[in-house]
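Colleague: I would like to learn how to read a few features of a model. Please take me through them one by one.

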Amino acid sequence: MLRGLDLTLAPGEQVALIGPSGAGKTTLLHVLALALAPTAGVVQFGDKQPWALSSGVRHRLRANVFLAPQVPPLPPRQRVVTSVLAGRLSALGAWRSLSSWVHPSRREIAEASAALQRFDLADKIFERVDRLSGGERQRVGLARGLVSPARLWLVDEPLAALDPVRARQAVQALTEAARDHGASLVVSFHQVDIAMAWFPRVLGLREGAVVFDRAPADIRPEDLADLYGGEGVPAAMVTATMTSDPRPSDPIAPAPMMLSASPTDGPAPSRGAPAA
Amino acid sequence: MTAITPLRARLGATVVVLALVVASFASLSLHTGEFFTLDSLRAMGRFVRELVQPDLHADFLRTVAYGTLETFAMSALSTALAAVIGLLIAYGASGVRPVLNVLRAVPELAWASLLLIWVGLGPFAGTLALTLHTAGVLGRLYLEALENQPQGPAFALAAAGASPLQVFCYARLPQVLPQLLSYTLYRWENNIRAAAVLGVVGAGGLGQLLSYHLQLFQLGRASTVVLATLLLVTLVDLLSDRIRHDLG
Amino acid sequence: MTALPSRGTDPAGPGRLLAVILTGLLVWALLRLTEFHLAVLFDPTSADAMRGFLAGFLPPALAPAFLLEVLRQTWLTVAMATCGLVLALALGVPAALVLTRVLSLSALGQSLQRASPAGRGGRALLRLLLVFLRSVPELVWALLLVRVVGLGPAAGVFAIAITYSGMLAKVYAEMFEAADPGPVVALLRQGSGRLQAFAFGLLPQCADELISYTVYRWECGVRTSVVLGFVGAGGLGQMMDQSLKMMQANEVTTLLLMFVLLVGLADLISHGLRRVWA
């Protein structure tokens with residue numbers, strides 16, 4: 001359940017999403033990915049409102065988004081190269097996608113291995129996915145985003161199966177690759193330290209509402225304690241905090257992505273986006 | 001549900017089943033007694049004696065070998081065709097479920113006798129018949145397998161703007177492929193048995209040889225055909241087991 | 001671009017190409033062997049024959065006398081399957097018990113693989129016999145039996161009994177072997193007989209599976225007995241065979257509908273029984 005949430009992303013912006021389990025991080029990512037329609041409020045891509053468009057047009061808009069779910073969505077017996085190349089299907093016609101399915105071309109292999117290289121997996125390119133470790137699979141799922149034509153990358157808890165060193169490498173690769181591709185990046189984390197260290201903008205989410213939305217330098221330890229605190233802060237207070245909070249507006253670039261669900265209202269569960 | 005299954009329902013079902021068994025035996029009048037008179041025992045003995053002397057002349061063996069090959073071809077081709085049809089149905093036509101049920105419910109032999117009228121005697125009719133029945137069976141199994149799979153991979157690709165065909169090839173199919181293959185192999189084992197008998201209505205293969213020689217009371221030759229059938233069935237079972245094992 | 005790894009092409013490529021070529025050759029051979037000419041379907045003479053036949057399909061034959069006969073033969077078909085299965089149980093259950101190593105007295109007190117040579121030899125022989133019984137298709141058994149016991153349902157019943165006893169024995173034995181041997185061994189050690197050990201140690205563990213599989217086999221038996229009629233074992237199959245030979249298309253329609261109905265009904269009954277019992 002999301003509510004009272006107003007979020008604008010600039011092109012190329014990198015945002016970390018933190019908050020306790022069940023805060024709505026995954027739901028928010030799904031709404032941003034156009035995988036879930038909001039029951040109230042508006043999602044806007046540039047000047048388009050996808051949910052006001054026909055489903056065919058909306059589906060073509062999805063080519064602009066890449067969503068990496070928490071559990072890497074890879075069929076077990078597929079080869080890594082195919083799994084990675086699946087990331088750019090929206091850019092291929094039916095024939096090209098079939099031929100690449102049967103026999104990936106030299107160029108496609110080069111592209112996939114360049115993406116895998118970033119995550120230190122180039123040597124696994126022709127392995128079968130079910131022969132990889134959990135962490136390797138998760139990184140293959142991320143490499144998929146690098147070959148996609150998407151300009152907005154949404155990544156849900158990418159570090160769950162990674163050890164600390166790999167986790168650091170993966171975040172670095174992800175942020176660098178997003179910068180190189182000029183893509184906006186939204187990543188949800190359980191690791192607050194990583195979020196604070198690597199992202200210029202951190203969004204604290206709790207019970208479906210934004211608790212803070214600031215640069216890491218402006219986030220005080222009390223804010224974090226509040227975010228994860230055991231004694232549940234009443235939803236009304238959270239929303240009040242949010243609405244009175246000066247949100248960093250971004251006047252530099254036109255927003256390619258905007259999400260707004262009843263921006264200044266109090267808690268109105270009936271108007272929020274439903275949980276997946 | 002099991003917890004509240006009343007004892008009475010079980011008892012009722014048991015009584016019904018017992019009644020079915022008693023009524024079955026009563027209405028069939030199997031006359032088992034007649035089989036054990038001296039005369040019929042002697043006739044049976046003669047029958048068995050001839051049966052255990054298979055005809056192994058080179059000429060006849062060649063005929064049987066060709067029949068075996070034909071039977072193998074009928075089973076393999078029909079299974080492959082049915083798999084392709086089943087896949088097409090599973091991809092695009094889940095609305096044809098009732099058609100699948102009819103295809104399935106009509107036995108191969110009935111299909112074969114119908115198709116004989118259309119395409120004439122020979123293995124073609126048999127192959128088509130096996131294909132129709134098997135397409136019904138596999139189509140349903142494929143549909144269920146694709147529907148019951150985890151939706152994560154398909155969801156991820158669809159969320160990235162992939163088309164239904166792309167989602168099918170890159171997520172839905174690879175996910176269940178081993179299962180589909182295993183169904184198909186089991187069906188092949190079944191089809192080799194069916195192909196071996198379709199000939200009795202004139203649809204080619206070993207069955208045609210068998211019914212022909214039995215009609216002429218050439219039991220030695222019939223017995224060779226039965227042996228060939230046994231060999232072929234065992235070979236296909238082993239082969240299919242092997243493939244399943246290699247893929248698993 | 002980052003540096004490319006050494007392997008620029010798909011290593012599976014040549015293998016896939018070879019597989020495609022081999023499959024192509026195989027399919028070509030199969031098409032030749034099965035005399036697969038789709039053109040025959042549209043050949044004027046054969047298409048006319050079929051069209052003429054199809055034209056007779058509707059309306060289905062619904063004369064009361066015919067319908068009554070259909071119902072009688074349907075019942076015979078079900079009865080054939082039921083009797084066949086009961087006889088198959090009578091042969092298959094003892095065979096399964098003999099095959100089950102846990103119930104072996106000679107193996108008691110030793111490791112399960114250490115049954116007496118006679119026991120092992122006997123079991124191997126029995127297993128071979130069962131493979132033979134179930135590997136020869138039902139219809140072949142029926143064809144042979146028709147020569148022995150004459151035309152009529154008896155041939156069908158015995159054909160089903162023979163094949164299914166082989167299948168039941170195999171599957172039952174597998175279920176028994178998969179069960180926990182503890183309770184059985186405990187009973188045998190106390191000196192109880194094999195049947196007692198089976199009834200109190202093994203049966204309770206596998207009852208659900210046994211019932212479920214047996215009911216499923218009955219369902220298969222109904223399908224089989226329809227088919228067996230085609231070689232003279234009576235029932236719906238025989239009626240259909242006759243109607244086809246007489247080119248009575250409208251009767252064929254009725255019979256086909258009855259097949260579908262019967263198979264659906266058997267499916268329903270078997271589902272119901274499994275729910276109530278297992």
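Colleague: Are C:Phe176 and C:Phe198 buried or exposed?

Modeller: Keep in mind that this model is predicted. Both C:Phe176 and C:Phe198 are buried. Their ring centres lie 5.2 Å apart and their planes stand at 75 degrees, so the pair counts as edge-to-face, the class for angles over 60. C:Phe176 sits in helix 7 (residues 153-178) of chain C and C:Phe198 in helix 9 (residues 194-228) of chain C, so the pair ties together parts 22 residues apart in sequence.

Colleague: How many aromatic pairs are there over all chains?

Modeller: The rule gives seven. One of them is B:Phe124 with C:Phe36, edge-to-face, at 4.9 Å centre to centre and 75 degrees between the planes. B:Phe124 belongs to helix 6 (residues 123-147) of chain B, while C:Phe36 is in the loop between helix 1 (13-33) and helix 2 (39-42) of chain C, so this pair joins two chains.

Colleague: What are the relative accessible areas of B:Phe124 and C:Phe36?

Modeller: B:Phe124 has 4%. C:Phe36 has 16%. The cut-off for buried is under 20%, so B:Phe124 is buried, and so is C:Phe36.

Colleague: How much area do chain C and chain B bury between them?

Modeller: First the general idea. Interface size is often quoted as the accessible area lost when the parts come together. Here chain C and chain B bury about 5200 Å², with 83% of it on carbon and sulfur atoms.

Colleague: Which residues make up the contact, by number and by class?

Modeller: Chain C gives 59 residues and chain B gives 55. Across this interface the rule finds zero salt bridges. It does find two residue pairs in polar contact, both at pLDDT 80 or more. Helix 4 (residues 64-99) of chain C supplies the largest share of the chain C side, nine residues. By class, that side holds 50 nonpolar, five polar and four charged residues.

Colleague: Now a single residue. Where is B:Thr229 found, and what does its side chain reach?

Modeller: B:Thr229 is in helix 10 (residues 219-247) of chain B. Its side chain reaches the backbone oxygen of B:Val225 at 2.8 Å. B:Thr229 is buried, at a relative accessible area of 5%. Leaving aside neighbours within four places in sequence, B:Thr229 is in contact with B:Ala196, B:Leu206 and C:Pro137.

How values were computed:
Residues numbered from 1 in each chain as written. Chains lettered and ligands numbered in written order. Predicted model: local features only at pLDDT ≥ 70, side-chain atom pairs only at ≥ 80, totals over all residues. Heavy atoms only, no water. Contact = heavy atoms within 4.5 Å. Buried area = accessible area lost by both parts, 1.4 Å probe. Salt bridge = Lys/Arg side-chain N within 4 Å of Asp/Glu carboxyl O. Polar contact = N/O pair within 3.5 Å; in protein donor to acceptor, adjacent residues only side chain to side chain. Helix = DSSP H or I, 4+ residues; strand = E, 2+ residues; numbered from the N terminus. Nonpolar A, V, L, I, M, F, W, Y, C, P; charged D, E, K, R; others polar. Phe/Tyr/Trp six-rings, centres within 6.5 Å; stacked < 30°, edge-to-face > 60°. Buried < 20%, exposed > 50% of the residue type's maximum accessible area, 1.4 Å probe, protein only.
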